[in-house]
Amino acid sequence: MIAELGLAALWLAAALAALQLVTGALAVRQDARKGEAAIADLTRPATVVQGLLAALSFAALLYVFAVTDLSVKLVADNSHSLKPMIYKLSGAWGNHEGSMLLWVTVLAASGALIALVERRLPERTMQAVLASQGFVALGFYAFLLLSSNPFERLPIPVEEGAGLNPLLQDIGLAFHPPTLYLGYVGLSVAFSFAVGALVTRQVTPDFARAMRPWVLGAWVFLTLGITAGSYWAYYELGWGGWWFWDPVENASLMPWLAATALLHSASVLAARDALRAWTIMLGVVAFSMSMLGTFLVRSGILTSVHAFAVDPERGTFILFLLAIYIGGALLLFALRAGAVSEGARFAVASREGALVVNNVLLSAILAVVLLGTLYPLLTEAFDVRVSVGPPYFNPVGAIFALPMVAVMAVGPLLRWRKDGFGRIRKELALLAALLLAVLILVSLLGDVALLPLLGLALAAVLAVGSVMPLKGRNLRRVPIATWGMVFGHLGLAVALFGMASESAFTKERLAALAPGEATTVGPWTVELEQVAPAAGANWTAMEAQLSARQEGGEPVSLNPQHRTFWAPPQQTAESVLETRWNGQLYAVIGNQAEAGADGPARWQVRLWWKPFVTWIWYGGVLIAIGGALALIGHVRHDLRRRFVRRKAAARRKEIAA
């Protein structure tokens, strides 16, 4: 009964999305006619109720997973009665249909929130925004209801479920996809704002101020989702890396790059009435990258631990939606671009100029990642298999990323509109001296490759440059949004330092050890004490007991496992991490090695010492904190501005009376 309730709520939500589209479109077209206000009045309520119905449908899915209703096909295929409750619930979105329902729920909830709280846009533009949001939602409702029904019943309930992919049986599944989807789908709001502004020709600073908080919110969640996903893959997959340039990893990185550029462009439009066309285009591109990621993950054309292998028919459906939404938006932009001026002009040597340079570099990095992601798929269509990985992404991306970091360090020191580099020559000299000093110091420490060397030097420059805008200011009176910029840039410096350190100084050791034998990796000595069987709720394992001692320190116990799951059957390597302020010891146990005729049994033990690797994720969290502070600052400023306007209007009325 609960499954049928969820399906009914989904159908009703789809009907309201259609109503939202029709009433919004009519309200835009017939805005000037009398007697049509009733049409416009229906759009906001339809949007809100649609969001509530989508949430009800998703709650129904959570319920059938929580009680392990094995008459529902999705539950039978992706759950098991003996799984811990956290994995039962997170299993609701650890599959194609459930994740798409989560996608649609976030999409509908975003539209409902816009309808409830957004009052800054002219009503006609607001109607166009809601109509666009309804149009996007309607396509995904059709996809769910016609080809990916999450509430499909089995003719005969099964006795037991197949279980969840063991690699997904981790707390990361409870956190990573929801935050990533809040970012992914939140960019649909930017897309709808861009379409609404194009339809009504209202690309103004007020439009940018209204759109900016929504982009910021999506960007913060996307940052957290990517950070969490990177750390999850790092400790769960057991290969010791934090980023593999997997196409599905790239599918989340590409919208983040576009959203970062959009965020800076919208800020320039809001503050200085410039970059109008650029802002609109980036709003379309950011959501285009989200849609492309959805297609890559769910089309079945990728083989990845992150991807959902579905039939090509459903992949074609998503490709059709991608063509309609993005093709239509780009056509609309082409038709209306002539009516969108660039707004106020500014000098190259200005903060706006620095932001434009960074946006161009971000767009170039996006193009590099996009090309590297799609090229193997294109060649495979002609029966030619190629692999594009770090040897392409790292050096080619660095060509644009490293100058971007340098511009980020200098840009906030410049004034708006027009400035000169002579005014900040002391700051530039300090940053140049710091760059040179770090390059020399790190080179003296050992043989470090060029890219990590430049990364370490530029991380130091960006860290110092990020706090320079606070120089000489009363810190108590610094706007919250400025603190957001400082934290965001500082977070990138911290993450870049972690990336460069991990690449430059990581030590690895692969050894076949018998109990009682030891090996070294970096400053650590690791002894294998014993290997013993262990068991969990739905797995058995061989568990190693390692004793690790750092030079001059106390020994610590590490217990990596080689697990065998039985629902579904699969083997995994469960890594163990020992974290210190200056790095992590990463340990994995493999299979039993072949012993000699009279020799003891040996086990494959793989160890890494990764200096400062945790700074990568500390930096990601700092970046998200910076975005959250900027969001709070801008919302607070907008509320204060509206209050002042209302107070002034009330005073004018009193004077007129």
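# Legends to the close-up views

**View 1. Helix 13 crosses helix 15 in a left-handed manner.** A crossing is called left-handed if the near helix is turned anticlockwise from the far one by less than a right angle, and right-handed if it is turned clockwise. The model shown is predicted, so local features need pLDDT of at least 70 and side-chain atom pairs count only at pLDDT 80 or more, while totals for chains, interfaces and linings use all residues. Residues are numbered from 1 along each chain as its sequence is written, and side-chain values use heavy atoms, with hydrogens and water left out. Helices (H or I, at least four residues) and strands (E, at least two) are DSSP runs, numbered from the N terminus. Axes are lines fitted to C-alpha atoms, for helices over the stretch in contact, and angles run from 0 to 180 degrees between N-to-C directions. Angles under 35 degrees count as roughly parallel, over 145 as roughly antiparallel, 65 to 115 as roughly perpendicular and the rest as oblique. On the side of helix 13, the contact (heavy atoms within 4.5 Å) involves residues including Pro395, Leu402, Val405 and Met408. Among their partners in helix 15 are Leu451, Leu458, Val461 and Gly465. The contact comprises 12 nonpolar residues, 2 polar residues and no charged ones. In this classification Ala, Val, Leu, Ile, Met, Phe, Trp, Tyr, Cys and Pro are nonpolar, Asp, Glu, Lys and Arg are charged, and the others, Gly among them, are polar.

**View 2. Helix 5 packs against helix 6.** Helix 5 spans residues 96-117, and its axis lies 10 Å from that of helix 6, at an angle of about 165°. The pair is therefore roughly antiparallel, and the crossing is left-handed. Residues of helix 5 in the contact include His96, Trp103, Leu107 and Ile114, which meet a set in helix 6 that includes Met126, Gln133, Phe140 and Leu144. Sorted by class, this contact holds 16 nonpolar, 4 polar and 1 charged residues.

**View 3. Helix 6 meets helix 7.** The axes of helix 6 (residues 123-147) and helix 7 (residues 171-200) come within 8 Å and cross at roughly 130°. Helix 6 is therefore oblique to helix 7, and their crossing is right-handed. Helix 6 contributes Arg124, Ala128, Ser132 and Val136, among others, while the residues from helix 7 include Ser188, Phe191, Val195 and Thr200. This contact has 9 nonpolar, 7 polar and 1 charged residues.

**View 4. Phe191 is one of the residues with the most contacts inside the largest nonpolar core.** A nonpolar core is a set of buried Ala, Val, Leu, Ile, Met, Phe, Trp, Tyr and Cys residues joined through side-chain atoms within 4.5 Å. Buried means under 20% relative accessible area, exposed over 50%, and partly exposed in between (1.4 Å probe, protein chains only). The largest core has 149 residues, and Leu61, Phe140, Tyr141, Phe193 and Phe207 are also among those with the most contacts inside it. Helix 8 (residues 205-236) gives the most to this core, with 15 residues. Another core, of 20 residues, lies apart from the largest one and includes Ala511, Val531, Val605 and Leu607. Leaving aside residues up to four places away in sequence, Phe191 touches Ser132, Val136, Gly283, Val284, Phe287, Tyr325, Ile326 and Ala329.

**View 5. Ile280 sits in helix 10.** Ile280 is buried, with a relative accessible area of 0%. Beyond residues up to four places away in sequence, Ile280 touches Ala194, Ala197, Leu198, Val203, Phe207 and Phe333. Ala274 belongs to the loop between helix 9 (247-272) and helix 10 (276-298). Ala274 is also buried, with a relative accessible area of 0%.

**View 6. Trp245 and Arg417 have positive phi values.** Trp245 is not a glycine, yet its phi is about 60°. The residue lies in the loop between helix 8 and helix 9 and counts as buried at 16% relative accessibility. Arg417, likewise not a glycine, has a phi of about 70°. Its place is the loop between helix 13 and helix 14 (425-445), where Arg417 is partly exposed, with a relative accessible area of 32%.
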